[in-house]
Structure formats: structure tokens, C-alpha cells
Amino acid sequence: MKIELASSYGFCFGVKRAIKIAEEHKGSVTYGPLIHNKDEINRLQEGFGIGIARNIDDVNIDDSVVIRTHGIPKDELTQLKAQENEIIDATCPYVTTPQNIVAKMSDEGYSIVIFGDKDHPEIKGVVSYAKDLRNAFIVEDEKELEGLPILSKVAVVAQTTRKPEDFLRVVNALILAHKEVRVFNTICNATFENQDAAAELAKDADVMIVIGGRHSSNTKQLHSICKSYCEESYLIENEKELESSWFEGKKLCGISAGASTPDWVVQNVIDKIQSIK
Ligand code: SF4
């Protein structure tokens, strides 16, 4: 059986960057989990003494604090600065962009629309940069725009992981209902590169292994894309979950991994599959 990796898989630029920053600051704490992968968080804890602060109360006065990839709300950042903690910002630059746009546009008197998930840490951070929260609206889809008053000036951004076609529907609805609409495309391509590559490979594979955290939305999405092309697609967190029966009589095993899955976890899975076949 041949084993083939998708042409694009695993860590995106923002996650690689955040991990490198954390590794360079041994003994620091990350504000919230740095990324959505518990094996990698454990590796950073064991190898580099990196702790996790779940909230402000968890942060000691002398802690160096690494701001996670998805960013944090502005008031929490202000509080950390006021406590005089050393701040090491590992926010992905693609997440800083919508934060800055929201700050600038709301400063210029624009109402803000954010297309995204209001419970996601990235969006909690982005909305916090609006000057007036009563004038900032988070919507999951265009239907949620219906109750909005007519806005004279509105600026719209998207969560970095949203699909462009869904964003377009929100933008269309805004243009039809409001006077001046400024559109900022803040979608990041990293997720789609992994998805396109996994779909290509799944078309040819007899079995697809998708590696990533069970709670990672982009890993679940990758798995469902693979499953639509290759019925025998399995989502695993690490090599311990592999079952030898999945590979019986198979010719091509495809492998993909979510955006928070480290290469060493992927390599462990490949080694184990090789030992099975
Ligand atoms: S998916 Fe894009 S925005 Fe999110 S961390 Fe990765 S590079 Fe940054």
C-alpha cells in the first residue's frame, strides 16, 4: 500500500509562527491555549515549561505572557499591560488586520459588521476593538442582518476561516439595505489550501486518514470533505487510534492534517501505518 501526504496539510503560517515565538520564551505562560492541539500544548509544557493562564486571575505579576494565535479582547490586553506583565504578542498578523480595521473604521464613525462566530476567541477579540460596542454587530449569516436599522456608513470584515462565498452573501445583503458599505476581505487562504489538497487526494485514495484535534473545527471540516470523496475516511488525534483493519486490501492511503496538527504527530502516524502494512 502506498502512503501519500496531501500537497498542503497541517500547521498554517500563523500557528508555526506562534509556536516558534513560544519556544523562544521558555517558562512563559500563554493567555488561553496557544493553539487547538493538546499534544502540542503538552510538548510545549514539558519541553519548554510553557504554562497556560485561562484568565487574568491565573496570571502572576512576574509572568511573561504570550498572546495566543487568535488574539484576545482589548480590555484584557490593557489589563495585562497595566499589571506590567511582559507581553509577547503571538497573534497571527491575519487576525491583527481585522482588529486594526475595526478600530480605525469605528473611529471614523462607521458601524461595524463582523461575519463570524460570536463565541470564537478570534471574534471576541476583533469586536472588542470597536469604539462603541452598541454599533458593532456580529452575524453568522445574511439572515441575521434583517433586524438591523438602516446604517449610513458600515464597514464589514469576516472571521479569517470563513468561506468567501458565504461572506459574499452577507456583503450583498448589506449593499442592498445600507447606504455606504466598505468591504474588507479578511479571509485567510490557509484553511482552503489544506482543504483543496485533501479533496484532490481523497478522490484517488482508498482510505484517508485525517489527523487533528476532535474539537478543532477545521479538522472536522477536512474530515467531512474527505468523506464526501472517500467513504473510508477516519479522523484520529494520534497514531494510537489507528486500526489495522482500515488498511486491509487498500492500495493508496492518503493523509491530511488539520491546521493545528504538528508535523511530529503526522510522522508518528505514518510510521505506525508503515509498521501495520
Ligand atoms: S488560519 Fe490563517 S489567520 Fe488563522 S492562524 Fe493560520 S494563518 Fe493565521
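Asp89 touches Arg17, Ile21 and Ile67, leaving out residues up to four places away in sequence, where contact means heavy atoms within 4.5 Å. This is a predicted model, in which local features need pLDDT of at least 70 and side-chain atom pairs count only at pLDDT 80 or more, while totals for chains, interfaces and linings use all residues. Residues are numbered from 1 along each chain as its sequence is written, and side-chain values use heavy atoms, with hydrogens and water left out.

Asp89 has its place in strand 5; helices (H or I, at least four residues) and strands (E, at least two) are DSSP runs, numbered from the N terminus. Although Asp89 and Ile67 are 22 residues apart along the chain, their C-alpha atoms are separated by 4.9 Å. With a relative accessible area of 45%, Asp89 is partly exposed, a term for values between buried, under 20% relative accessible area, and exposed, over 50% (1.4 Å probe, protein chains only).

Glu84 lies in the loop between helix 3 (74-82) and strand 5 (86-89), and at 70% relative accessibility it counts as exposed. Most residues other than glycine have a negative phi. The phi of Glu84, however, is near 65°, a positive value.

Helix 6 (residues 164-177) has 14 residues and reaches 20 Å from its first C-alpha to its last, close to the 20 Å expected at 1.5 Å a residue, where the expected span is 1.5 Å times one less than the number of residues. In helix 6, Phe167, Val170, Val171 and Leu174 are buried. These four cover an arc of only 100° around the axis, which puts them on the same side of helix 6; the arc is that of the directions from the helix axis to the C-beta atoms. An α-helix has 3.6 residues a turn, so residues three or four places apart point the same way. Among the elements covering the buried residues of helix 6 are strand 6 (111-115) and strand 9 (180-183), whereas the face turned away from the buried side carries the exposed residues Leu168 and Leu176.

Gln195 is found in helix 7 (residues 190-204) and is buried, with a relative accessible area of 7%. Leaving aside neighbours within four places in sequence, Gln195 is in contact with Gln221, Leu222 and Ile225. Helix 7 and helix 8 (residues 217-229) pack at an angle of about 25°, with their axes 8 Å apart; axes are lines fitted to C-alpha atoms, for helices over the stretch in contact, and angles run from 0 to 180 degrees between N-to-C directions. The two helices are therefore roughly parallel to each other, since angles under 35 degrees count as such.

Definitions and conventions: Angles under 35 degrees count as roughly parallel, over 145 as roughly antiparallel, 65 to 115 as roughly perpendicular and the rest as oblique.
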